[in-house]
Amino acid sequence: MARKQADPTARRAREAARRTAAAQRIGPRPPRTPRPRQPKLLSDLDPPGVFYTDWDSPVGTDTEVMAKVTDHFGADSDEATTMRYLLRFREIYGPHIPLGAVGQLELLLDETDLLAPLSPGVGVSAEEARDSVHSLHAHGMLLLADDGSLWMTVPPGTPDSAPDGECSFVEQKVQAPAETLGAGA
């Protein structure tokens with residue numbers, strides 16, 4: 001005896017009726033809270049250029065790292081001062097710090113008037129303005145070109161990024177002063 005195939009339309013109608021009845025018994029689904037997008041770290045974006053070839057990743061908690069450095073070199077040593085800077089930058093850049101880029105960006109911030117529009121006139125301290133520029137850099141919104149100049153960029157994977165999946169260099173913000181050229185090379 002051949003088994004009769006069920007009508008697919010009738011089967012879909014029964015399934016829809018079952019789901020409707022279940023929804024009425026249980027009630028509506030609670031709205032889902034969307035996950036916040038996690039911004040990519042600069043190291044994940046793999047920025048191009050000579051300033052993004054040397055990365056450092058201090059291992060351990062800030063306290064552990066500083067304890068090792070101060071035990072070995074002393075609390076007032078140049079090494080301890082450098083490590084304090086690296087740990088401050090780790091808060092901004094994540095676990096991987098682009099040493100050449102951070103150094104060049106610090107030079108640009110010291111040698112140019114890039115921070116002038118952001119400083120105390122608009123209620124932001126010089127330190128907060130400096131950290132904001134580093135945060136934009138850490139998220140790929142600002143990058144250094146091989147000539148040491150700072151550019152506003154569009155990170156890869158965003159709607160206006162370059163079609164080949166690379167960063168788009170949009171507008172030059174600061175030309176590197178002549179005495180700082182080649183600092184990252």
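**Close-up views of a predicted model**

**View 1. The chain as a whole.** The protein chain holds 6 helices and 5 strands, where helices (H or I, at least four residues) and strands (E, at least two) are DSSP runs numbered from the N terminus. This is a predicted model, in which local features need pLDDT of at least 70, side-chain atom pairs count only at pLDDT 80 or more, and totals for chains, interfaces and linings use all residues. Residues are numbered from 1 along each chain as its sequence is written, and side-chain values use heavy atoms, with hydrogens and water left out.

View 2. Glu15, Arg18 and Arg19 are linked in a network of salt bridges, a salt bridge being a side-chain nitrogen of Lys or Arg within 4 Å of a carboxyl oxygen of Asp or Glu. The closest N and O atoms of glutamate 15 and arginine 18 are 2.4 Å apart, and these two residues sit 3 residues apart in helix α1 (residues 8-26), about one turn of the helix. Between arginine 19 and glutamate 15 the corresponding N and O distance is 3.7 Å, with the pair 4 residues apart in helix α1.

**View 3. A salt bridge between two helices.** The side chains of aspartate 62 and arginine 90 meet in a salt bridge at 2.4 Å, N to O. Aspartate 62 belongs to helix α3 (residues 62-73) and arginine 90 to helix α4 (residues 78-93), so the pair ties together parts that are 28 residues apart in sequence. Arginine 90 is buried, with a relative accessible area of 16%, whereas aspartate 62 is partly exposed at 33% (buried means under 20% relative accessible area, exposed over 50%, partly exposed in between, with a 1.4 Å probe and protein chains only).
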